[in-house]
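Here is a friendly walk through one protein chain, from its overall build down to a few individual residues. Please have a look at the structure before reading on.

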Amino acid sequence: MSDWTRHKLALAGLVALGLATGALAAAPLRRQPFMGIAATPVPEGLRIDGVGPAGMAARLGLQPSDILVAVNGIRVGAIQPFLDAFSAIPPGRKLRVTALRAGKTLSLSAVQTARADESYANATVRYGEVDIAPARLRDILVTPRGVSDPPVLFYIQGYSCGSIEAPGPQGLFGSLTKTFVDAGIAVYRVEKPGLGDSRGGTHCRDQSLADEIASFHAAYAHLIELGFPADRIFILGHSLGGIEAPLVVAGLAPPRGIAPYGVMLKNWADYIQDIDTYQGFAALGDDPVEAYEQSERDRWILHAFFFQRQSPQQIVAANPVAAERMKDIFAWDGADHAYGRSWRLLQDLPSVNFPEAWAKVPTNVLSLYGATDEIALTSEDQRRIADIVDYYRPGTARFVELPDTMHGMDLVGDRNAFRERNVAAGGQMVPGPYNPEVGRTLIAWIRDCTARPPVRTMSFPDSLAERVRKVKAAAAKN
């Protein structure tokens, strides 16, 4: 797979643009501006792939296919320089951008404006914060009106450093939230450090895996403090958020249920090998034979990075040819980041015993998989999560596969239809509308779990795990 193809996949699948970020500010947390675009780096700057209705891009008059060249005189050839330049302009100051449209240079300006609050017809929206010194993280609690003691869905987002605020009712966060509050279920989200209105601490892009888990752990504890007992909390962990979910609740009362969506169970190094081999074929129609041959040549790089724990710089110093392959495999920026995050976070993932994490958390599990997922490429790991949980606590886990659904919970057709459409679009991943079956499946599961005693109160003397233990103990005596 080409470096260019890989970078676009990393952007589409992991690093969602359209973020609201800002420099360190004094308390209380203030509302920050929001650009509201999806974009892809191109040689001239950032090509705008989509413009949301509620961000600064719409106020400026930017359009899809425009190429963003500079923000307030600072060239923005990559995502992070753009975010840094945009966030340096506080609300009330003039935002100026230079863009290309059909080959012509445009100079556009508007007064930087704070993001509007989310609003739902049947719910109240509370903007608060989670204090995990030195960071203060913006949290958002949306509670259905007229419902006494509702369950709450804690959405834990994936790998990307992207805001979890809903840019509108048509996006994933807005669609999910409306679906749940209309069903009488509250929704809770928390920003990562350095994103949205959050201030202080190590920015998301530089956090370690332990730092990120600690942030969500603090948010989970804070949600309980807000008056939601653990027995009324359900976690929807999306992508990396689903991988982290059983670790997030460790040491605290377990939630009533965890629903991982689009996750992996295998060692992370093996997962990245699969991505290097098959993702371009699955999503964009890249030649699978060529991709396989290249991925086999890349094995030594993955071994050095994940198992010998060499830094990208050490790998490149030993073999300079590896520099381009590191960029292709990891979207490495030549410095400290892979897929937009610290490469150290990526390197830490293989050390986590994911089967043990799922084995230990006494809760209901709904393992949800979109059958056209372009990030979690097969359903195998999600089926196995449910299998592992049932091995220890029979009857508490289930696997559900949602047809025609991609990693972002979009309806895109089956794998072949998705790939054909992306190829026709010139090698770009074309998303679709939110699949409402995701919400319906989760709501039905939440109601079913709520009607039964919490798993933490149950015992499972006849579990397969317990029977195997007894057989082994008896054999050891003989």
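## Overall build

What percentage of the 478 residues in the chain is buried? Buried residues account for 55% of them, where buried means under 20% relative accessible area, exposed means over 50%, and partly exposed lies in between (1.4 Å probe, protein chains only). Please keep in mind that this is a predicted model, in which local features need pLDDT of at least 70 and side-chain atom pairs count only at pLDDT 80 or more, while totals for chains, interfaces and linings use all residues. Residues are numbered from 1 along each chain as its sequence is written, and side-chain values use heavy atoms, with hydrogens and water left out.

The chain holds 17 helices and 16 strands; these are DSSP runs numbered from the N terminus, with helices (H or I) of at least four residues and strands (E) of at least two. Its radius of gyration is 23 Å, which agrees with the value near 23 Å for a compact globule of 478 residues. That radius is taken over C-alpha atoms, and the globule rule is 2.2 Å times the number of residues to the power 0.38. Along the principal axes, the C-alpha atoms fill a box of roughly 80 × 60 × 45 Å.

## Contacts and surface

The accessible surface comes to about 19,200 Å², and carbon and sulfur atoms contribute 55% of it. Accessible areas come from the Shrake-Rupley method with a 1.4 Å probe, and for residues only the protein chains shown count as cover.

## Charges and salt bridges

The chain carries 49 positive and 51 negative side chains, and the centres of the two sets are 5 Å apart. Lys and Arg count as positive and Asp and Glu as negative, leaving out His and the chain ends; each charge is placed at NZ of Lys, CZ of Arg, CG of Asp or CD of Glu. Side chains of opposite charge can pair when their charged atoms come close. How many salt bridges does a search of the whole structure find? There are 30, a salt bridge being a side-chain nitrogen of Lys or Arg within 4 Å of a carboxyl oxygen of Asp or Glu. Arg31, Arg115, Asp117, Arg138, Glu165 and Asp197 are linked in a network of such bridges.

Arg101 pairs with Asp66, with 2.8 Å between the closest N and O atoms. This pair links distant parts of the chain, 35 residues apart: Arg101 sits in strand β5 (residues 94-101), and Asp66 in the loop between α2 (56-60) and β3 (67-71). Arg101 is partly exposed at 26% relative accessible area, whereas Asp66 is buried at 1%. Arg341 forms a salt bridge with Glu212, the closest N and O atoms being 2.7 Å apart. Here the partners are 129 residues apart, Arg341 in strand β14 (residues 341-342) and Glu212 in helix α5 (residues 209-225), and both are buried. Glu356 and Lys360 also form a salt bridge, with their closest N and O atoms 3.5 Å apart. They are separated by about one helical turn, because they lie four residues apart in helix α13 (residues 354-360). Glu356 is partly exposed at 38%, and Lys360 is exposed at 62%.

## Loops and backbone details

Gly184, in the loop between α4 (172-182) and β10 (186-190), is buried with a relative accessible area of 13%. Beyond its neighbours within four places in sequence, Gly184 is in contact with Pro144, Val147, Pro150 and Pro151.

Pro134 lies in the loop between β7 (123-132) and β8 (135-144), and the peptide bond leading from Ala133 to Pro134 is cis, with omega near 5°. Positive phi in a residue other than glycine is found at Ser65, where phi is near 85°, and at Tyr339, where phi is near 50°. Ser65 is in the loop between α2 and β3 and is exposed at 56% relative accessible area. Tyr339 is in the loop between β13 (337-338) and β14 and is buried at 7%.

Key. Contact means heavy atoms within 4.5 Å.
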